[in-house]
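This report goes through the packing, the aromatic contacts and some backbone details of one protein model. The sequence and structure come first, and the text follows them.

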Amino acid sequence: MKENHEEPQLKRGLSNRHMQLIALGGSIGVGLFYGSSSTIQLAGPAVLLAYLIGGLVIFTIMRALGEMAVAEPISGSFSTYANKYLGKFAGFLTGWTYWFMWIVVGMAELTVVGVYINYWFPDIPQWVTALVVLVLMTLINLAAVKIYGEFEFWFAMIKVVAIVAMILVGLCIIFFGVGNGGEPTGISNLWEHGGFMPNGFEGLLMCFVLVMFSFGGVELVGVTAGEAKNPTKTVPKAINNIVWRILIFYIGALGVMMAIYPWTEVGSNGSPFVQIFDGIGIPAAAHIINFVVITAAVSAFNSGLYGSGRMLFNLSLQNQGPKVFKKVSKNGTPVRGILFSSAMLLIGVVLNYIVPEQVFTYISAVATVAVITSWTIILCTQIKFRKSKSKQEVSALQFKMPWHPISSYIALAFLLMVVVLMAFIPAMRVALYVAPVWFLILFIGYKGLKK
């Protein structure tokens, strides 16, 4: 066998429209449709402020990633950068933790699909739904990357259209009283029930944990950079767009929601979205939104399976994971990585069978720690990346991070604060027990690999 046949290659089947919507699809999953009700309960209308602050931190992290991704567009993205600038263990830790995060997020999405299918068919157990979705998505991921991209494009498109429609319908209710007997609701609900910050500063702080969870997935832009056709153009575009889009979606949708309903009534049984349309008395709309939420969860799950399969492939290329994951099928997909990830996701199905009630909160807690680890490493890597460059090299960077290094340090401090806050939320504490165990497993695994 000739030398040049040895390294397996992924096919570059993703166009710009695929990339934009994969990243958007990854981050507008369950967080907005399902997680938003619990953040509203914590902070009241002030949750809008939390999303704005969180969004700025995310923008900083994304720009840090963007600076490196444009300078060195490689598949495997930040685990490869961490490997290069922070050392082998950092790369190993990042890659595996990122894989772990997508597995955990995938479990959360599976759980949610079950909850929403129950809206129509209350008798179907959650774990059955979870299993069916898992099998279908695995098949789609095993097909060529173009099929995956196409599927994701349309599924993400459904979400985007639905959120925009929901904001527009909401605005009609607020200003023209459509469906409310012609009486505009106005926006006084945003401050009438105990003020804009009803639970005080403490409530605002506490909701940051869930807010950051809902932003998880934006960094997929970095993973797709290695499969993009023209990274110097598409990466900056995707990064600058994604942040303001997410802000419009989250702040717009939640703002409209809390203007129509007192924040105290935005319940956590089912989606707040369904509640809005049901409450106005558009029965079909509730079914439509239920359908949208299911596609949202399925598409975010799909992105997760994509991300985790790619990460395993890259880890094995860097000799930081089992060699078996190097295998690429005829149509250029990392088959074994995807199958292994699916097998791990079966744990989510089992969890749904054992503790269907608490699954979502536990899972999002663990995912939050995992994603914060990835973001922290992105920021640290970028600081080292800058330090390794000469003045000329720095001025030649095409997509510089704004206000470096102050912005990096502020973002790092914010992430640290979020982790500390988790200790004060009983349901979230689980993650603080899981994380050290996970890091220990990784450390042992890393030592084993070196031998």
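A nonpolar core is here a set of buried Ala, Val, Leu, Ile, Met, Phe, Trp, Tyr and Cys residues joined through side-chain atoms within 4.5 Å. Buried means under 20% relative accessible area. The model is predicted.

## Core

With that definition, the largest nonpolar core has 152 residues. The residues with the most contacts inside this core are W96, M212, F215 and W375. Helix α5 (residues 88-120) supplies the largest share of the core, 19 residues.

For M212, the contacts beyond four places in sequence are G54, V57, I58, W375, F414, L415 and V418. One of these partners, W375, is itself among the residues with the most contacts inside the core.

Apart from its neighbours within four places in sequence, T94 is in contact with F78, S79, A82 and I377. Y116 also lies in helix α5. Its relative accessibility is 2%, and Y116 is therefore buried. Y116 and F291 are 175 residues apart along the chain, while their C-alpha atoms are separated by 8.3 Å.

## Aromatic pairs

A pair of aromatic rings is described by the distance of the centres and the angle of the planes. Rings of Phe, Tyr and Trp pair if their centres lie within 6.5 Å, and planes over 60 degrees apart count as edge-to-face. By this rule the model has 19 aromatic pairs. Two of them are set out below.

| Pair | Centre to centre | Angle between planes | Class |
|---|---|---|---|
| Y51 and F215 | 5.9 Å | 75° | edge-to-face |
| F153 and W154 | 4.9 Å | 85° | edge-to-face |

What parts of the chain does the pair of Y51 and F215 tie together? Y51 lies in helix α3 (residues 47-71) and F215 in helix α9, so the pair ties together parts that are 164 residues apart in sequence. Y51 is buried, with a relative accessible area of 1%. F215 is also buried, at 2% relative accessibility. In the other pair of the table, F153 has a relative accessibility of 8% and counts as buried.

Ring pairs also link F89, F92, W96, W99, F325, F340, F443 and Y446 into a cluster. A charged side chain meets a ring elsewhere: R63 lies over the face of F399, at 4.1 Å from the ring centre.

## Helix packing

Helix α3 packs against helix α4 (residues 77-85) at an angle of about 80°, and their axes are 11 Å apart. Angles of 65 to 115 degrees count as roughly perpendicular, so α3 is roughly perpendicular to α4. On the α3 side the residues that meet α4 are L65, M68 and A69. Their counterparts in α4 are S77, F78 and Y81. F78 is also one of the contacts of T94.

## Loops and backbone

G216 lies in the loop between α9 (200-215) and α10 (220-224). Is G216 buried or exposed? Its relative accessibility is 14%, and G216 therefore counts as buried. The C-alpha atoms of G216 and W102 are 9.4 Å apart in space, whereas the two residues are 114 residues apart in sequence.

Most residues other than glycine have a negative phi, and most peptide bonds are trans. The residues below depart from one or the other of these patterns.

N319 is not a glycine but has a positive phi of about 60°. N319 is located in the loop between α13 (283-317) and α14 (335-354). With 46% relative accessibility, N319 counts as partly exposed.

W403 likewise has a positive phi, of about 50°, although it is not a glycine. W403 is found in the loop between α16 and α17. Its relative accessible area is 70%, so W403 is exposed.

Which peptide bond is cis, with omega near -5°? The bond runs from H404 to P405. P405 lies in the loop between α16 (391-396) and α17 (406-422).

How values were computed. Residues are numbered from 1 along each chain as its sequence is written. Side-chain values use heavy atoms; hydrogens and water are left out. Helices (H or I, at least four residues) and strands (E, at least two) are DSSP runs, numbered from the N terminus. Buried means under 20% relative accessible area, exposed over 50%, partly exposed in between (1.4 Å probe, protein chains only). Rings of Phe, Tyr and Trp (its six-membered ring) pair if their centres lie within 6.5 Å; planes under 30 degrees apart count as stacked, over 60 as edge-to-face and the rest as tilted. A charge sits over a ring if NZ of Lys or CZ of Arg is within 6 Å of the ring centre and within 35 degrees of the ring normal. Contact means heavy atoms within 4.5 Å. Axes are lines fitted to C-alpha atoms, for helices over the stretch in contact, and angles run from 0 to 180 degrees between N-to-C directions. Angles under 35 degrees count as roughly parallel, over 145 as roughly antiparallel, 65 to 115 as roughly perpendicular and the rest as oblique.
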